[in-house]
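Try each task yourself before you read its solution.

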Amino acid sequence: MLWYKGWLETRFRLVFSLAFIGLILFLLHSVPPENKSKIFAILEYSTLSILMVICAMLAGAGIVTQAPFQAKKGLQASTLFTLSLPVSRLRLLAVRAGLGWLEAAGTIAVLCCGMWLISPPLKRMTTPVEMLEYAGTLIACVSVIYFLSVLLATFLDDAWRIWGTMIGAAAFWWISSHTPLPEFANIFRAMGKGSPLIAHTTPWNAIAFSLVLSTILFFVALRVVRTRQY
């Protein structure tokens, strides 16, 4: 029931996310095959920007009930019913966060498959294995932004959570671009210039760092959920 409930809350946001992916695919399709620099610019900037928006939309509202396609202040009417269900807050948070993460991962998979199918230059510049590695890199690294949004959802209204996620991700992007971060901690470089599509190597250190940080953010969110009075 919890999975179905989460699906009802996120299905329209998932459709909206796929529409964003369609925009990226349209941009790639419209680029002349010989303009490789523009293709790389779309991969490095447009794709990452839209993935941040997708994470902000799909991360959900923690364990509280969420309106299907709108952000409201305060608790929804059925939130107390959700909290009264005979399940732990760990399960409530894990199901909601897990469903949104699976939707985000599926959206990224659709993006990578679409890019491979509609962009002949990418087919010539990369191999199917590198495209698969690129998808895995995106999913792992963008999980940091996703679970940041999950954490913010535990103490912010949904409208503020979305803004907080975007501001936090933009700040991290700015820091990674203007300060000499260690290579393993620069997740945006791992998804951009250091990605398998451009650097032709998998940034395993950045992937491991992202997964560890994502796990920490989830358990911090769980700590907040267990101690908060709704």
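**Exercise 1. How many aromatic pairs does the structure hold, and how is the pair of tyrosine 146 and phenylalanine 147 classified?**

Step 1. The structure holds seven aromatic pairs; rings of Phe, Tyr and Trp (its six-membered ring) pair if their centres lie within 6.5 Å.

Step 2. Planes under 30 degrees apart count as stacked, over 60 as edge-to-face and the rest as tilted.

Step 3. Tyrosine 146 and phenylalanine 147 have 5.1 Å centre to centre and 85 degrees between the planes, an edge-to-face pair.

Step 4. Both tyrosine 146 and phenylalanine 147 are buried (buried means under 20% relative accessible area, exposed over 50%, partly exposed in between, with a 1.4 Å probe and protein chains only).

Step 5. Ring pairs also join Tyr146 and Phe147 with Phe218 and Phe219 in a cluster.

A note on the source: this is a predicted model, where local features need pLDDT of at least 70 and side-chain atom pairs count only at pLDDT 80 or more, while totals for chains, interfaces and linings use all residues. Residues are numbered from 1 along each chain as its sequence is written, and side-chain values use heavy atoms, with hydrogens and water left out.

**Exercise 2. Why is the pair of phenylalanine 172 and phenylalanine 188 edge-to-face?**

Step 1. The ring centres of phenylalanine 172 and phenylalanine 188 are 5.6 Å apart and their planes stand at 80 degrees, so the pair is edge-to-face.

Step 2. Phenylalanine 172 sits in helix α7 (residues 158-178) and phenylalanine 188 in helix α8 (residues 187-191), so the pair links distant parts of the chain, 16 residues apart (helices, H or I with at least four residues, and strands, E with at least two, are DSSP runs numbered from the N terminus).

Step 3. Phenylalanine 172 is partly exposed, at 22% relative accessible area, whereas phenylalanine 188 is buried, at 5%.

**Exercise 3. At what angle do helix α4 and helix α9 pack, and which residues meet?**

Step 1. Helix α4 (residues 89-118) and helix α9 (residues 204-227) pack at about 135 degrees, with their axes 10 Å apart. Axes are lines fitted to C-alpha atoms, for helices over the stretch in contact, and angles run from 0 to 180 degrees between N-to-C directions.

Step 2. α4 and α9 are therefore oblique to each other (under 35 degrees is roughly parallel, over 145 roughly antiparallel, 65 to 115 roughly perpendicular, the rest oblique).

Step 3. Arg89, Leu90, Leu93, Ala94 and Ala97 in α4 meet Phe218, Ala221, Leu222, Val225 and Arg226 in α9, where contact means heavy atoms within 4.5 Å.
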